[in-house]
Amino acid sequence: MAFSFDTTYKNLDANLYSRVTPKSIANPEILLLNTGLCTDLGLDTAALNATILAGQELLEEPIAQAYAGHQYGSFTVLGDGRAMTLGEHVHDSSRWDIQLKGSGRTPYSGRGDGKATVSSMLREYLYSYAMQRLNINTSRSLAVIETDDVVERRQREAGAILVRVMNSHIRYGTFQYVAGHASDELQRFTDYVIDRHYPQLNATARTYLEFFDAVMQSSIEMVVDWLRVGFIHGVMNTDNMSIDGETFDYGPCAFMNYYDEQAVFSSIDKHGRYAFGNQRPILRWNLERFAEALQPLCTQTALTYDELEGKLDEFEERFDAHYYTMMRSKLGINSDGEDELVDEFIEWLRKSNADYINTFLELETPGTFDYPEFATAEFEQLRDKLAAVGLDEELMQEANPRYIPRNYLVEEALDEYLETGDLSKFKGLLTVLENPYTSTDMGSQFQQPPPREFDAEYTTYCNT
Ligand SMILES: Nc1ncnc2c1ncn2[C@@H]1O[C@H](COP(=O)(O)OP(=O)(O)OP(=O)(O)O)[C@@H](O)[C@H]1O
């Protein structure tokens, strides 16, 4: 079967989306197809050809969604400028948006060309794949289709379409848009989102308040998971914050090698707004904007703004609870508490600037890496202290990946494709990232961080 669409978003107010048509493409070619995801979606791979996946054979009329968002702190009205939802695919009582990214201009494109480069769509495919295999809530990528377009960015490149799958593409910014442009619709829209993502809340006495609570909870869980694996999202604008806690928009993201809370790679993030260690305060800031977007509900329903602020006041305590539980599992500590020891360990990471992933592997199995920072008395003393209360191997193995997408290896694989048209290095990386918690023979070459100079100069880009 190809897709089985039932697109409920089209039943919402017409201000919330536009009907669109993907641009026509002469010779679409499937570069990658995620067969595991096909199985999860109940799709028959034989029924999925490049024409369908590139939106050239439509089952129904696609839509582009309207939304707004705070981008680097400033409010902007936006919308899918280069993305189109083909439809909501339903299988086994689950619903997914099937969206094309890079499929041409829409009414929200502004001066943009509606296109995406093949390297940025391959990059998004790989990072989203890695995140899903790391057990992190994320958008998934069904396919990358190369087009016959030439796309002008920092260099000329072939164009591509990414077929992205999410529970939905509803963002904090969608609420900001509805509050500003169709505030009479806000209650109906919120009910729709609750039915779609949090139906269990309909049975509660304070449904809207519990909805805010649930969004805060899923977002905290997502960001704590990022901190667990050293992920830097890079562009945590409110239009990139999913209402369902799904990580998405892998434009300028990167994984941190050497522990540094100021680590930032995005070319336009000059002040480190979205640095590794700022992701927690930025999440809180974004939730404040989300609460403001719900304000019209406070005149239309029994919800009060004081109640929303009360929830926001719980943020630090709730984040801490999740963060310390996560860090305890990374350190193999089976009991509660030990916050001071966790803090001491993080302080060591800050001072030593050691490779984040490999530090935990070294704690688990001393002698794995011959880095000078692991041969210090301080590290050994810390390990002894941890051994007295933790270092439970099973717990550590579940929390600490052996493999992450090392940025320099991803770039090498992308360069190889751009220069020679050969995807084998890229596919090799995908194979290792398929089971990131399990050691493989070929794995060790993927475990080394790059020279420190590489990270000092490494730059990632939005909108490529
Ligand atoms: N080449 C382009 N043409 C038209 N619009 C674009 C282009 N690149 C980005 N945009 C739009 O600019 C806005 C901000 O860009 P951002 O980098 O957050 O999005 P994106 O990576 O294109 O898509 P998404 O957030 O859906 O993953 C989005 O609304 C996006 O649709």
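1. The model is a predicted one, in which local features need pLDDT of at least 70 and side-chain atom pairs count only at pLDDT 80 or more, whereas totals for chains, interfaces and linings use all residues. Residue numbers start from 1 along each chain as its sequence is written.

2. Helices (H or I, at least four residues) and strands (E, at least two) are DSSP runs, numbered from the N terminus. Helix α3 (residues 118–133) and helix α15 (residues 407–420) have axes that come within 10 Å and cross at roughly 140°, where axes are lines fitted to C-alpha atoms, for helices over the stretch in contact, and angles run from 0 to 180 degrees between N-to-C directions. The two helices α3 and α15 are therefore oblique to each other; angles under 35 degrees count as roughly parallel, over 145 as roughly antiparallel, 65 to 115 as roughly perpendicular and the rest as oblique. The crossing of α3 and α15 is right-handed, a crossing being left-handed if the near helix is turned anticlockwise from the far one by less than a right angle, and right-handed if clockwise.

3. On the α3 side of this contact are Ser119, Leu122, Arg123 and Leu126, which meet Val410, Leu414, Tyr417 and Leu418 in α15; two residues are in contact if their C-beta atoms, placed from the backbone, lie within 7 Å. The residues of the contact of α3 with α15 divide by class into 6 nonpolar, 1 polar and 1 charged, with Ala, Val, Leu, Ile, Met, Phe, Trp, Tyr, Cys and Pro counted as nonpolar, Asp, Glu, Lys and Arg as charged, and the others, Gly among them, as polar.

4. Helix α3 also packs with helix α16 (residues 424–434), at an angle of about 15° and with the axes 9 Å apart, and α3 and α16 are therefore roughly parallel to each other. Their crossing is right-handed. The contact is made by Leu122, Leu126, Tyr129, Ala130 and Arg133 of α3 and by Phe426, Leu429, Leu430, Leu433 and Glu434 of α16. By class, the contact of α3 with α16 has 8 nonpolar, no polar and 2 charged residues.

5. How are helix α6 (residues 207–229) and helix α7 (residues 279–293) oriented to each other? Their axes come within 11 Å and cross at roughly 160°, and α6 and α7 are therefore roughly antiparallel to each other. The crossing of α6 and α7 is right-handed. From α6 the contact takes Phe212, Val215, Met216, Ser219, Val223 and Trp226, and from α7 it takes Gln279, Arg280, Leu283, Leu287, Phe290 and Ala291. The class division for the contact of α6 with α7 is 9 nonpolar, 2 polar and 1 charged residues.

6. The ligand is surrounded by 18 residues, of which the closest are Gly81, Ser109, Gly112, Asp249 and Asn463; a residue is near a molecule if its C-beta atom, placed from the backbone, lies within 6 Å of it. The shell around the ligand divides into 5 nonpolar, 8 polar and 5 charged residues.

7. In helix α12 (residues 356–364) the buried residues are Tyr356, Ile357, Thr359, Phe360, Glu362 and Leu363. A residue is buried if 20 or more other C-beta atoms lie within 10 Å of its own, exposed if 12 or fewer, and partly exposed in between, with C-beta atoms placed from the backbone. The buried residues of α12 pack against α10 (315–330), α11 (339–352), α13 (377–389) and α14 (393–399).

8. Most residues other than glycine have a negative phi. Asparagine 135, in the loop between α3 and β7 (140–152), has a positive phi of about 65° although it is not a glycine, and asparagine 135 is partly exposed, with 15 other C-beta atoms within 10 Å. Glutamate 338, placed in the loop between α10 and α11, likewise has a positive phi, near 65°, and is partly exposed, with 19 other C-beta atoms within 10 Å.

9. Glutamine 71 lies in strand β3 (residues 63–71) and is partly exposed, with 17 other C-beta atoms within 10 Å. Leaving aside neighbours within four places in sequence, glutamine 71 is in contact with Thr76 and Asn237. The C-alpha atoms of glutamine 71 and aspartate 239 are separated by 7.7 Å, although these residues are 168 residues apart along the chain.
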